Amino acid sequence: EESMASRPQRADIIRHVLAIFACLVLGWLGVVEGVRIPILSDASYGFHALGHLLTWFLPEVYRTMMGSLVQVLVPLGFAGYFLLFHRDLVGVSLMLAWTGLSAGETAAYIADAAAQTMIIGPGHVQHDWAFALTALDKMGAADELAWIFQAAALACIFIGMGVAAIGAVRVVAEAQAAPRVDVYLERKPVQGRIEYDEWARSQSSTGAPQPPSAG
């Protein structure tokens, strides 16, 4: 008996399941436990530093905050790219997980504004959020702002898991529908024959009878 899904379809399902697992691991370790994830955290810090450089024209208080905002927005932009240009739900899922990880790191950085114990990267001496919140006289709002970023981080993780799950369900549904489509196409008469005209007229009637055989 033939398998319901072909080998490429099974591989696609596995990709989506692994994406769900990756979101879960990144969410638990990076967001809940606050563990630094190599490569991803390094990339996030690179975009953090780039955010400061690209906003050199802004007043210093806003420029210091833009590093954290850019490091969150860049992976979110990548998620949009995979969705709009590639329709790759696995890519969307993983980029959302990275966005959640980056937002979780930002939440921890904001929460540290009063204590100023975190050094997020080499040479990054000034604590961005301690400076910005002090300059804006909003140090009392640090915990609330950190909670917002933490909530956004968890939301990205869960949405990423949901996107990957939807992709897996879609692959299974397509695998189940493919045989029925093949049977339909095999039984559909060839255009230009008398049987086709009769079959086409029958499709508009209620009940949608089966197409006549081509023989």
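Visitor: Leaving aside neighbours within four places in sequence, which residues is Ser93 in contact with?
Guide: This is a predicted model. Ser93 belongs to helix α4, which covers residues 89-111. Once neighbours within four places in sequence are set aside, the contacts of Ser93 are Ala19, Cys23, Gly160, Met161, Val163 and Ala164.

Visitor: Is Ser93 buried or exposed?
Guide: The relative accessible area of Ser93 is 0%. Buried means under 20%, so Ser93 is buried.

Visitor: What separates the C-alpha atoms of Ser93 and Ile20?
Guide: Along the chain, Ser93 and Ile20 are 73 residues apart.

Visitor: How many disulfides does the structure hold?
Guide: Cys23 is buried at a relative accessible area of 0%, and Cys156 also counts as buried, at 15%. A disulfide needs two cysteine sulfur atoms within 2.5 Å. The number of disulfides in the structure is zero.

Visitor: How many helices and strands does the secondary structure come to?
Guide: Read from the N terminus, the elements run α-α-α-α-α-α-α. The count is seven helices and zero strands.

Visitor: What share of the contacts with a separation of 6 or more comes from residues 24 or more positions apart?
Guide: The protein has 215 residues, of which 35% count as buried. Among contacts with a separation of 6 or more, the share from residues 24 or more positions apart is 62%.

Visitor: Are α2 and α3 parallel, antiparallel, perpendicular or oblique?
Guide: Helix α2 spans residues 40-54 and helix α3 spans residues 60-86; their axes come within 7 Å and cross at roughly 125°. Perpendicular runs from 65 to 115 degrees and antiparallel begins over 145. The angle therefore makes α2, relative to α3, oblique.

Visitor: Which residues of α2 make the contact with α3?
Guide: The crossing of the two helices, α2 and α3, is right-handed. On the α3 side the contact includes Arg63, Thr64, Met66 and Phe78. By class, the contact has five nonpolar, eight polar and one charged residues. From α2 it draws on Ser44, Phe47, His48, Gly51 and His52.

Visitor: Which residues does Thr55 touch, not counting those up to four places away in sequence?
Guide: Thr55 sits in the loop between α2 and α3. Its relative accessibility is 8%, so Thr55 counts as buried. Not counting residues up to four places away in sequence, Thr55 touches Arg63 and Met66.

Visitor: Is the crossing of α3 and α5 left-handed or right-handed?
Guide: The axes of α3 and α5 are 9 Å apart, at an angle of about 140°. The two helices, α3 and α5, are therefore oblique to each other. The handedness with which α3 passes α5 is left-handed.

Visitor: Which residues of α5 does α3 meet?
Guide: From α3, the residues involved are Glu60, Val61, Thr64, Met65 and Ser68. By class, the contact of α3 with α5 has six nonpolar, two polar and two charged residues. The partners in α5 are Asp128, Trp129, Phe131, Ala132 and Ala135.

Visitor: Which residues of α5 are buried?
Guide: Helix α5 covers residues 128-135. After α5 comes Asp137, with a positive phi near 60°. The buried residues of α5 are Asp128, Trp129, Ala130, Ala132 and Leu133.

Terms used. Residues are numbered from 1 along each chain as its sequence is written. This is a predicted model: local features need pLDDT of at least 70, side-chain atom pairs count only at pLDDT 80 or more; totals for chains, interfaces and linings use all residues. Side-chain values use heavy atoms; hydrogens and water are left out. Axes are lines fitted to C-alpha atoms, for helices over the stretch in contact, and angles run from 0 to 180 degrees between N-to-C directions. Helices (H or I, at least four residues) and strands (E, at least two) are DSSP runs, numbered from the N terminus. Angles under 35 degrees count as roughly parallel, over 145 as roughly antiparallel, 65 to 115 as roughly perpendicular and the rest as oblique. A crossing is left-handed if the near helix is turned anticlockwise from the far one by less than a right angle, and right-handed if clockwise. Contact means heavy atoms within 4.5 Å. Ala, Val, Leu, Ile, Met, Phe, Trp, Tyr, Cys and Pro count as nonpolar, Asp, Glu, Lys and Arg as charged, and the others, Gly among them, as polar. Buried means under 20% relative accessible area, exposed over 50%, partly exposed in between (1.4 Å probe, protein chains only).
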